Amino acid sequence: MVGLGVMGRNLMLNIADHGFSVIGLDLDPLKAAAVSVEATPGTTVQGVTDLQVFVQSLRSPRAIMLLVPAGKPVDAAIASLLPLLDAGDIVIDGGNSYFPDTDHRVAELEASGIHFFGMGISGGEQGARFGPSMMPGGNRAAYERLRPIFEAVAAKVAGEPCVEFLGNGSAGNYVKMVHNGIEYGVMQLIAEIYDLLKRGAGFTDTELQAIFQTWNNTELQSFLVEITSEILKHTDEHTGLPMVQVISDRARSKGTGKWTSQNAMDLQVPVPTIDMSVLMRDISKYKEERVEAAKLLPNGALTQVAEADRAALVQQARNAFYFAMMSAYAQGLAQLTVASETYNYELNLATVARIWRGGCIIRAACLTDIRAAFEKNPALRNILLDPAIGADLLVRQQDIRSVLKLAIDKGIAMPAFMASLAYFDAYRTETLPTNLIQAQRDYFGAHTYERVDREGIFHTQWS
């Protein structure tokens with residue numbers, strides 16, 4: 001293991017706990033020494049700071065995993081290792097690398113006879129230590145050599161390990177990128193429904209904690225709903241206020257959501273819920289301007305919802321959130337479908353859904369239904385076209401409309417919810433008004449258009 005930060009160290013200890021010998025390399029002597037101290041007694045774990053000692057300690061063919069920050073640190077690690085490696089050795093990038101970088105590294109190392117593959121890892125600190133979801137792609141033969149290790153350390157759901165070879169080239173990093181895009185979307189949806197219920201309906205943080213805890217025992221069961229209920233339990237030791245109230249609303253990111261949106265636009269795949277989630281993190285950074293705007297443009301619509309309507313609103317919010325969450329999954333999975341065809345990944349989306357059911361940040365009960373949909377119809381282009389999922393969303397659609405009407409009346413921004421519903425409504429519309437856009441393009445730029453009643457490309461002299 002190269003890189004003994006939180007993820008590298010914990011994954012290394014996890015591997016050792018399952019009976020494998022592991023050595024770690026880090027230039028920080030304290031991190032290198034810490035792994036032996038933290039290791040379970042009886043396991044074979046060593047941390048070193050010397051590159052040559054590290055490489056010489058491994059039997060051939062060597063298997064080396066990098067868990068260093070994406071970008072130049074990955075290239076630097078590869079460059080330092082390369083002179084010491086032999087043909088047949090395997091190098092795995094376990095970080096959040098941008099997928100074109102992985103394709104470049106695969107080709108570069110292949111010339112030296114070294115197998116390189118990217119493997120997305122999700123689950124955070126606890127997942128790495130006790131069972132992450134892992135998304136490898138690239139060289140199948142190289143993965144098969146390491147399958148016993150990865151299947152041993154991965155999260156398990158109903159006895160199935162949450163790891164599987166996904167496809168060619170950068171498939172693993174690409175799937176992890178879209179995983180993170182969906183993660184952005186679901187987190188934004190949770191934040192928006194929290195905001196509506198709190199500011200728009202007057203629920204306290206204590207009441208909202210109970211609501212999210214209850215929701216986590218329903219079809220909404222998921223890691224992100226679960227941790228939301230846990231977050232809302234915490235009190236700040238300095239002020240006595242709910243912890244969430246003393247945390248700045250300037251949201252940060254590491255870029256994977258933006259990559260998802262940018263690449264979706266390149267592929268011409270609509271992912272509006274993810275797009276809006278990236279946008280809202282961006283707008284959160286304009287704190288000073290928002291403070292000024294709040295004074296100049298006050299919201300006078302923030303009155304509490306009547307007590308008699310609160311229980312009904314909670315039920316509507318539950319259905320609205322499920323609807324929007326499924327829309328976000330639909331968008332991300334549709335992007336994977338097109339990307340698989342474009343980049344020759346040969347993804348199996350039932351497999352993707354299966355390994356997302358445990359260990360990862362977007363693990364959720366709904367993935368069982370999504371997996372079943374793809375197993376029933378491997379050619380499914382969009383989960384909205386699955387009869388069972390589509391019928392369920394039709395039943396819930398009125399509640400997301402009601403929730404959004406309330407948000408509009410209250411002046412509360414819910415762009416991810418609006419985008420989720422708009423995606424559903426546009427996707428099921430047989431004839432969109434984009435025919436007018438085509439006419440406009442032809443009018444001002446002679447860009448031509450197609451007709452519905454005959455084949456060919458046409459142009460009209462409009463004036």
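The following legends describe close-up views of a predicted model.

The model is predicted: local features need pLDDT of at least 70, side-chain atom pairs count only at pLDDT 80 or more, and totals for chains, interfaces and linings use all residues. Residues are numbered from 1 along each chain as its sequence is written, and side-chain values use heavy atoms, with hydrogens and water left out.

**View 1. Residues annotated as "binding site" in UniProt.** The unreviewed entry lists N96, S122, G123, G124, H179, N180, Y184, K254, R281, R441 and H447 under this heading. They span 352 residues in sequence and their farthest two C-alpha atoms are 49.1 Å apart, so they do not all gather at one spot. N96 is included in the lining of the largest cavity. UniProt positions are given in the numbering used here, feature names are shortened, and annotations may be inferred rather than shown by experiment. A cavity is defined on a 1 Å grid over the protein atoms alone, as a set of points where a 1.4 Å probe fits but cannot get out; lining residues have an atom within 4 Å of a point.

View 2. S122 belongs to strand 5 (residues 115-122); strands (E, at least two residues) and helices (H or I, at least four) are DSSP runs, numbered from the N terminus. S122 counts as buried because its relative accessibility is 3%, where buried means under 20% relative accessible area, exposed over 50% and partly exposed in between (1.4 Å probe, protein chains only). Beyond its neighbours within four places in sequence, S122 is in contact (heavy atoms within 4.5 Å) with P132, S133, M135, K176, H179, G359, C360 and I361.

View 3. K176 is buried, with a relative accessible area of 5%; E183 is buried, with a value of 15%. Residues up to four places away in sequence aside, K176 touches N96, G120, I121, S122 and M135. The side chains of K176 and N96 make a polar contact (2.8 Å), that is, a pair of N or O atoms within 3.5 Å; within protein, one must be able to donate a hydrogen and the other to accept it, and residues adjacent in sequence count only if both atoms are side-chain atoms. With the same exclusion of sequence neighbours up to four places away, E183 touches L224, I361 and I362.

**View 4. Y184 in helix 8.** Y184 lies in helix 8 (residues 171-200) and counts as buried, at 6% relative accessibility. Residues up to four places away in sequence are not counted; Y184 touches S253, K254, G255, T256, G257, S277, V278 and R281.

View 5. The structure holds 0 disulfides, a disulfide being a pair of cysteine sulfur atoms within 2.5 Å. The sulfur of C162 is 7.4 Å from the closest cysteine sulfur, in C360, and therefore too far for a bond. For C366, the closest cysteine sulfur is again in C360, at 10 Å, which is too far for a bond. C162 counts as buried at 1% relative accessibility, and C366 counts as buried at 1%.

How values were computed. 1 Å grid on protein atoms, 1.4 Å probe; cavity = no way out; pocket = protein on both sides within 12 Å on 5 of 7 lines; lining within 4 Å.
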